[in-house]
Amino acid sequence: MKKIPIWKMFWPFAAAGILFGTIPGLYIGKIVTLRGTPWFWLLTGILVLGSLFILIKLTMMVDGLLAGSAPKGVGFWCMFVLLSFFFFSGSFILTGSFWWFTGKIVLDSAKSDVLAAGYQLKPPNNSPRLPDEKNSVYLFNEAWNSPSMRKFGSPEPIFDNPPQGRFEENSKKYAPLEHENDLSNEPFFEKKTEWEFLINFYTDTVADRLTGNERNYAHRFVKEHEDAFRLMDRAFETKSVDWGIDYQIENLWDIPTPRLSYALTLARLLRTRALVQAMDGNATGAVKSLETALFLGDMCSQAHNLIGAMVEAGIVHIITPSVCFIAPRLPAKSDAGSEVLSFLQPEKLAKCFSDAMQFELFQRPFPFEGEHWLAWVKENKLASFNYPFILFDRASSYEVGIQFMKCINHPDDVEQVVRNYQRNGWLLGSIGLIGYGQMMEKANESITRCGQAELTVETELFHQKQKCWPNNEAELEKWGRDKLGTSGIPEVKVTSAFVVKANSPAGSQVTLARKGETPHTDSSGWLYDSNSGMVYVNSTVHDSQNMAYSFYGFE
């Protein structure tokens, strides 16, 4: 009987190892993002036909061995199984290693592209450790958990799982009380809860329809929450932030996420106190309350994640209209109001959002980037055969991250970036395709509100000192630089991303209005009335909440 060369006997096992080390990872990581395209059907066909071909060859081989005339003892079959496993596993390991090291080259190239585009890959530095009594984070959390705040919800620690060595006592103190003592449905005024009163008092104040009863209850409301305000004032005076998070940790899944949503309620609470103080003629107190609320937003952004950046944007959205409402009501002979300018810095707000996006897209640590794929096989983590391709996947997410960052000032371009990625990207990046476009534009809305509030305060301070309004933006800009240390006319950042084919209002140009004129077109930049000192976003296009941009600062 003619002897069969060993490579002919075992090449199907070697081919099966190559296919098994390539096709599943390629299919799961790449092909599923090509749904509905010719490539999807072509590569799916290759997967099916290749697998069938190998299965048939293996079946024919075993049938041939069984039908052969030579005796097949136990030793033969043991050797056959052993060599089959050797050829299969050997080709599988070589294939996986080839794809892994190729992926490393692709990943390094993608990282180089990130750096060349001007973005950072290194996580933010850890904050200096602070004792509780000197940490604004801890003090704000204590304010949320003060007894009077039960009417806004149940007690909560800052973290579900506190960072090791930090906030444990806080977690032990409040975690057992969660879902208890929730008095948020208890009526406060005219069958309203305190939460409802918090919102209605603001809307009635700016609409100039406050009743005497509402004024009385507002004073009672502020007095009732003195315990929380005392802690918030201490936090503002401290101005030191330590979230206790180790950003240099190797595994991104172990980075704890703090609760931040309660900060929005605290900001509304501070807004109410500011309005009451302004009604009582306490200009200094009103401005300090607004500063404290804006500092709270800044504190949230220092968590360095996208949630924190969006909470800061939300707080700016809540507080800046109140700044515009209170500024004209400050005493003419005081300097009250200038202090709040240090917290009305739209360029700083824009940088915080950009930094948070970079952390989300580039800086969150992924341990598998430095770990050989065989370590994943050895530890049997998830579907190990996918991991030779995970570096291609990560490289792809870096590349799309660059495109997302370029869209921050053009959120309407995000949809095209997403479509391109869905055609060409890998799996991990496609999972991360959340509503970045909406986040970007909502951040731009808050940045624009911040700029409008800054201009409003500057014009009011100019009027207090000069007894007239600035004649034009050049006069205001020069006075602001010389007297207030401001950096010039801020930009309108909104881009009309929520209205199809509308003109973008973005820009820093200032159009001088006729007396009493308000925006009436979808123009751009600012509209300034030198007869009244009124500053508007010069566009009637609507934002994410269906509000005209021209209403910013007047709602």
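This is a predicted model: local features need pLDDT of at least 70, side-chain atom pairs count only at pLDDT 80 or more; totals for chains, interfaces and linings use all residues.
I count a residue as exposed when its relative accessible area is over 50%, and as buried when that figure is under 20%.

**Entry 1: two residues with positive phi**

I looked up Lys467 and found a relative accessible area of 58%, so it is exposed. Lys467 sits in the loop that runs between helix H17 (436-466) and helix H18 (473-484). Its phi is positive, about 60°, although Lys467 is not a glycine.

Asp208 went into my notes next. Here phi is about 55°, again positive in a residue that is not a glycine. I placed Asp208 in the loop between helix H6 (194-206) and H7. Its relative accessible area is 69%, so Asp208 counts as exposed.

**Entry 2: the chain as a whole**

I then stepped back to the protein chain, which has 18 helices and five strands. Of its 555 residues, 50% are buried. I noted an accessible surface of about 26,500 Å², with 58% of that belonging to carbon and sulfur atoms.

**Entry 3: cysteines**

How many disulfides does a search of the whole structure find? I got zero. Cys300 has a relative accessible area of 1%, so I put it down as buried. Cys352 comes out at 19%, and because the cut-off for buried is under 20%, Cys352 counts as buried too.

**Entry 4: helix H12**

Cys352 took me to helix H12, where it is one of the buried residues. Others on that list include Leu349, Phe353, Met357, Phe359 and Phe362. I checked the length of H12 (residues 346-363) as well: its 18 residues should span 26 Å at 1.5 Å a residue, and the end C-alpha atoms are 24 Å apart, which agrees.

I picked out Gln358, also in H12. Is it buried or exposed? At 9% relative accessibility, Gln358 counts as buried. Leaving aside neighbours within four places in sequence, I found Gln358 in contact with Tyr119, Gln120, Gln363 and Met405.

**Entry 5: helix H14**

I ran the length check on helix H14 (residues 390-406) too. Its 17 residues should span 24 Å at 1.5 Å a residue, and I found the end C-alpha atoms 25 Å apart, which agrees. Since 14 of those 17 residues are buried, H14 is largely enclosed by the rest of the structure.

**Entry 6: Ser322**

Ser322 belongs to helix H11 (residues 306-326). I read its relative accessibility as 0%, so Ser322 is buried. Which residues does Ser322 touch, apart from neighbours within four places in sequence? I listed Tyr202, Arg271 and Leu290.

**Entry 7: Pro157 in its loop**

Next I went to the loop between helix H4 (136-144) and helix H5 (168-174), where Pro157 lies. Pro157 is in a loop, yet its relative accessible area is 2%, so it is buried.

Beyond neighbours within four places in sequence, I found Pro157 in contact with Asn141, Asn170, Ser171, Tyr174, Ala175, Glu178 and Arg259. I followed up on Ala175: it is 18 residues from Pro157 along the chain, and the two C-alpha atoms are separated by 5.9 Å.

**Entry 8: two helix pairs**

I finished with packed helices. Such a pair is described by the angle between the two axes and the distance between them.

For H4 and helix H9 (residues 262-279), I noted an angle of about 75° and axes 11 Å apart. That angle makes H4 roughly perpendicular to H9. On the H4 side the contact is made by Phe140, Asn141 and Trp144, and on the H9 side by Tyr262, Thr265 and Leu266.

For helix H7 (residues 212-224) and helix H8 (residues 226-238), the angle is about 60° and the axes are 5 Å apart. H7 and H8 are therefore oblique to each other. I listed Val222, Lys223 and Glu224 of H7 as meeting Glu226, Asp227 and Phe229 of H8 in this contact.

Conventions
Residues are numbered from 1 along each chain as its sequence is written. Side-chain values use heavy atoms; hydrogens and water are left out. A disulfide is a pair of cysteine sulfur atoms within 2.5 Å. Buried means under 20% relative accessible area, exposed over 50%, partly exposed in between (1.4 Å probe, protein chains only). Helices (H or I, at least four residues) and strands (E, at least two) are DSSP runs, numbered from the N terminus. Accessible areas come from the Shrake-Rupley method with a 1.4 Å probe; for residues, only the protein chains shown count as cover. The expected span of a helix is 1.5 Å times one less than its number of residues. Contact means heavy atoms within 4.5 Å. Axes are lines fitted to C-alpha atoms, for helices over the stretch in contact, and angles run from 0 to 180 degrees between N-to-C directions. Angles under 35 degrees count as roughly parallel, over 145 as roughly antiparallel, 65 to 115 as roughly perpendicular and the rest as oblique.
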